[in-house]
Amino acid sequence: SFNTRTEVGDAISAAGFNVVLQSSNHTIDQGLDGLLHCVSYWEENHPDIMICGIRGEAEEDPEIQTMEIEGVTFAFLNYTYGPNLGSFPSQYEGYMDILCYYDENNRMLDFTRINPDVLEDIEEADKIADVVVVCPHWGTEYMTKQSSYQETFALQMTEAGADLIIGTHPHVVQPVTYVESENGNKSLCYYSLGNYVSTQKEIA
């Protein structure tokens, strides 16, 4: 159950980052209050930074976030496979973005199926942006090769309109490859970037 000081966010801003991903398996480690505090921290202290994957109000159909850089419009989407639970609690519905399918009745997650909302978001983003960047929090920790479901999801996201897929969570580097779908779409997929600064218990 993780948490961190807000000074880390200040350092991220000072280092020059302008997009921060917040949907991960640890997003609700501190409950809904922690999630809301996270959103308010960024909005109040670093409003120039784009926060992806969570929001301060529950939204059924959140607006696609975009950023224009030198005349090119980028859309950013961020999802996590789940919140370290076998289910997705209803009180977090609309506050965070989920990658995997879940049953709306019993809330149980199916880690082998993609959430159809993800594909709908990508299709919508493809209509309004020149480049669609999808950042899934997925995969198996410490595995240096992507799982079959990562490959399946990457193909589905590419077919929906993703141009760049940047994966996180395994803590180690996984392959980088181009993904081509039957409808002619193509994306560049980083299955896992590995860790930026943190160390882990294993070396791989």
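Contact here means heavy atoms within 4.5 Å. This is a predicted model, in which local features need pLDDT of at least 70 and side-chain atom pairs count only at pLDDT 80 or more, while totals for chains, interfaces and linings use all residues. Numbering runs from 1 along each chain as its sequence is written, and side-chain values use heavy atoms, with hydrogens and water left out.

**View 1. Arg55 in the loop between S2 and S3.** Arg55 sits in the loop that links strand S2 (50-52) to S3; strands (E, at least two residues) and helices (H or I, at least four) are DSSP runs, numbered from the N terminus. Is Arg55 buried or exposed? At 12% relative accessibility Arg55 is buried, a label that means under 20% relative accessible area, with exposed being over 50% and partly exposed in between (1.4 Å probe, protein chains only). Skipping residues up to four places away in sequence, Arg55 touches Leu35, Leu36, Val39, Pro62, Gly94, Tyr95, Met96 and Asp97.

**View 2. Arg107 and its partner Glu93.** Here's another arginine in a loop, with Arg107 placed between S5 and S6. Arg107 counts as buried, at 14% relative accessibility. Its side chain makes a polar contact of 2.6 Å with the side chain of Glu93. (A polar contact is a pair of N or O atoms within 3.5 Å; within protein, one must be able to donate a hydrogen and the other to accept it, and residues adjacent in sequence count only if both atoms are side-chain atoms.) Beyond four places in sequence, Arg107 also touches residues including Ser87, Phe88, Pro89, Ser90 and Tyr102.

**View 3. Thr80 in strand S4.** Thr80 belongs to S4 (residues 72-80) and is buried, with 0% relative accessibility. A polar atom of the Thr80 side chain lies 3.3 Å from the backbone nitrogen of Asn25. Leaving out neighbours within four places in sequence, the contacts of Thr80 include Ser23, Ser24, Asn25, Met96, Cys100 and His137.

**View 4. Two residues with positive phi.** Most residues other than glycine have a negative phi. Glu70, no glycine, has a positive phi of about 50°. Glu70 lies in the loop between S3 (65-69) and S4 and is exposed, with a relative accessible area of 82%. For Asn84, phi is near 60°, again positive without being a glycine. Asn84 lies in the loop between S4 and S5 (100-102), and at 44% relative accessibility Asn84 is partly exposed.

**View 5. Helix H3 against helix H4.** H3 (residues 116-128) and H4 (residues 148-160) pack at an angle of about 35°, with axes 8 Å apart. Axes are lines fitted to C-alpha atoms, for helices over the stretch in contact, and angles run from 0 to 180 degrees between N-to-C directions. On the H3 side, the contact uses Val118, Leu119, Ile122, Glu123 and Asp126, and on the H4 side Gln156, Met157 and Ala160.

**View 6. Two nonpolar cores.** A nonpolar core is a set of buried Ala, Val, Leu, Ile, Met, Phe, Trp, Tyr and Cys residues joined through side-chain atoms within 4.5 Å. The largest has 43 residues, and those with the most contacts inside it are Leu77, Met96, Ile122, Val134, Trp138, Phe153 and Met157. Elements giving two or more residues to this core include H2 (31-45), S6 (109-114), S7 (131-137) and H4. A second, separate core has seven residues, among them Met50, Phe76, Val133 and Cys135.
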